[in-house]
Amino acid sequence: METFLFIVNLIGTVAFAAAGAMTGLQKNMDIFGVCVLGLTTAVGGGIVRDLILGITPPNAFQDPFAAMVAIFVSAVFFLRRFRHFIMQRPALYERMMLWLDSIGLGAFTVIGIQIAYETLEAPTLFLLVFVGVVTGAGGGLIRDVMAGNTPYIFVKHVYACASLAGALVCAGLWEIAGSAAAMVAGLVTVVLLRCLSAHFRWNLPKAHE
């Protein structure tokens with residue numbers, strides 16, 4: 001189980017770090033800015049989750065492995081060959097952002113639920129879903145605010161709703177199917193909903209429609 005959790009967390013960290021770095025590249029930031037956005041996206045949601053659960057200092061500061069991975073991935077994306085290849089192809093940029101954000105969102109949503117179960121004896125469904133969504137969407141929200149963008153969570157393809165659905169699936173299956181199966185099901189739910197909503201252009205009603 002520890003290996004499984006490590007893999008899921010690593011996948012989420014790499015995906016969100018890359019998404020954050022790409023946002024920095026789009027904003028023409030220097031290498032420090034790109035690395036900060038990648039780091040923030042990868043660990044920001046987890047830090048907020050840990051503060052809610054009373055884990056102090058947050059896990060990101062107790063074990064810097066995820067932070068180091070995020071900085072490394074961000075620096076790799078800043079390399080001239082990578083950034084020119086990506087930024088000169090707008091369609092590729094959008095597809096990569098969709099997949100990276102979706103995978104990171106799914107991975108961290110279920111990791112948030114796992115941490116809640118590990119920390120608390122009898123977490124409520126509301127708490128599980130809340131910390132799952134916060135872990136999944138929190139880093140991207142902070143990234144977008146720092147980059148001066150309207151956060152994805154408010155405007156893009158049922159972003160938060162996909163995390164909410166995945167959290168409900170994961171929490172609902174936890175006692176029935178076991179933790180690993182529940183986490184896989186939740187992650188797949190998030191990624192599938194994000195990709196379907198992007199393909200079919202599903203969005204929640206907006207204020208001026």
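# Briefing: a buried threonine, a nonpolar core and a pocket

T13 lies in helix α1; helices (H or I, at least four residues) are DSSP runs, numbered from the N terminus. This is a predicted model, in which local features need pLDDT of at least 70 and side-chain atom pairs count only at pLDDT 80 or more, while totals for chains, interfaces and linings use all residues. Residues are numbered from 1 along each chain as its sequence is written, and side-chain values use heavy atoms, with hydrogens and water left out.

**Surroundings of T13**

- With a relative accessible area of 2%, T13 is buried (buried means under 20% relative accessible area, exposed over 50% and partly exposed in between, for a 1.4 Å probe and protein chains only).
- Leaving aside residues up to four places away in sequence, T13 touches A42, A66, V69, A70 and F108; contact means heavy atoms within 4.5 Å.

**Nonpolar core**

- In soluble globular proteins, nonpolar side chains tend to be buried together.
- The largest nonpolar core has 48 residues, and those with the most contacts inside it are M22, F77, I111, C170 and M183 (such a core is a set of buried Ala, Val, Leu, Ile, Met, Phe, Trp, Tyr and Cys residues joined through side-chain atoms within 4.5 Å).
- Two or more residues of this core come from each of α1 (2–26), α2 (31–53), α4 (65–78), α6 (90–119), α7 (125–147), α9 (159–177) and α10 (179–200).
- With 11 residues, α6 gives the most to this core.
- M183 touches M1, F4, L5, V110, I111, Q114, C170 and W174, not counting residues up to four places away in sequence.

**Loops with particular backbone geometry**

- N28, in the loop between α1 and α2, has a positive phi of about 60 degrees although it is not a glycine.
- N28 counts as exposed because its relative accessibility is 69%.
- A cis peptide bond, with omega about -10 degrees, joins T56 and P57.
- P57 is placed in the loop between α2 and α3 (59–62).

**Largest pocket**

- The largest pocket is lined by 27 residues, of which N9, R49, N59, I111 and I115 lie nearest its centre (on a 1 Å grid over the protein atoms alone, a pocket is an open set of points where a 1.4 Å probe fits, with protein on both sides within 12 Å along at least five of seven lines; lining residues have an atom within 4 Å of a point).
- At least two residues of this lining are supplied by each of α1, α2, α3, α4 and α6, and α2 provides the largest share, 8 residues.
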